[in-house]
Amino acid sequence: MVWFALFCLLYSSVFANPPSEEPDQVGLIVLDTATFGAGCFWGVEKLFKEAFPLIKHTKVGYMGGKQAKPTYEDVKQGTTGHVEVLQLRYDPRQIDYKDLVEFFFRIHDPTTVDRQGNDVGSQYRSVIFYSKKSHKNIAKEVMADIQEKYYKDKPIATKIEREADFWAAEEYHQRYLEKNPEGYCNHKLHW
């Protein structure tokens, strides 16, 4: 009887809930999610992965629009309302959300509306999507601090919005600059 109970327990933990493609948990560690729109998602992903090697998962995609399952061809028209975003999952015991938000502001110009460098359109707007009230509060605090320290004469245009449906971009966009090191990137550290 004990063997049967152990078998049932093992079966239910392994097979009844198979791991998802991007787990919210790694072992017993609950991962947090952060989602940022800062222009073309290729450069955003590259710089975050370089600066935070402990990030567990990254995926580029689209958020904030009105169309279900948009494609890159849909979003690049600028009519769906979606933003090109990086969504990352991280262990909050290793990485502080505040550090992620500060880095987000460092790698793009948050004072431009619907534009980053050569990329123009609402799909390139500066936005932080939050899933927790604590993240919203941290984002507001960091933005106020960044405004005071670095952009006294130019208002920050970054929006802080509630997380919406995330639609993963096509596979060729994932880790694009890892696969194409000479590919287009207009992101850099601003301070």
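The largest nonpolar core has 35 residues, and Phe36, Phe48, Leu88, Tyr97, Leu100, Phe105 and Ile128 touch the most other members. Such a core is a set of buried Ala, Val, Leu, Ile, Met, Phe, Trp, Tyr and Cys residues joined through side-chain atoms within 4.5 Å; buried means under 20% relative accessible area, exposed over 50%, and partly exposed in between (1.4 Å probe, protein chains only). The model is predicted: local features need pLDDT of at least 70, side-chain atom pairs count only at pLDDT 80 or more, and totals for chains, interfaces and linings use all residues. Residues are numbered from 1 along each chain as its sequence is written, and side-chain values use heavy atoms, with hydrogens and water left out.

Helices (H or I, at least four residues) and strands (E, at least two) are DSSP runs, numbered from the N terminus. The most is given by α4, with 6 residues. A second, separate core of 5 residues includes Met63, Val83, Val85 and Phe129.

In α4, the buried residues are Tyr97, Leu100, Val101, Phe103, Phe104 and Phe105. They pack against β3, α2, β5, β8 and α5, where contact means heavy atoms within 4.5 Å.

An open sheet is formed by 6 strands in the order β9-β8-β3-β5-β4-β10, with mixed pairing; two strands pair if DSSP finds at least two bridges between them. The edge strands β9 and β10 each pair on one side only. Between β3 and β8 the pairing is antiparallel over 4 bridges, and Phe36 has Ile128 as its bridge partner in β8. Beyond its neighbours within four places in sequence, Ile128 is in contact with residues including Tyr97, Val101, Phe104, Phe105 and Ala139.

Axes are lines fitted to C-alpha atoms, for helices over the stretch in contact, and angles run from 0 to 180 degrees between N-to-C directions.

| Helix | Lies across | Angle |
|---|---|---|
| α2 | β3, β4 and β5 | about 155° to β4 |
| α5 | β3, β5, β8 and β9 | about 180° to β9 |

Thr111 lies in the loop between α4 and β6. Thr111 is buried, with a relative accessible area of 12%. Leaving aside neighbours within four places in sequence, Thr111 is in contact with Tyr151, Lys154, Pro155, Ile156 and Ala157.
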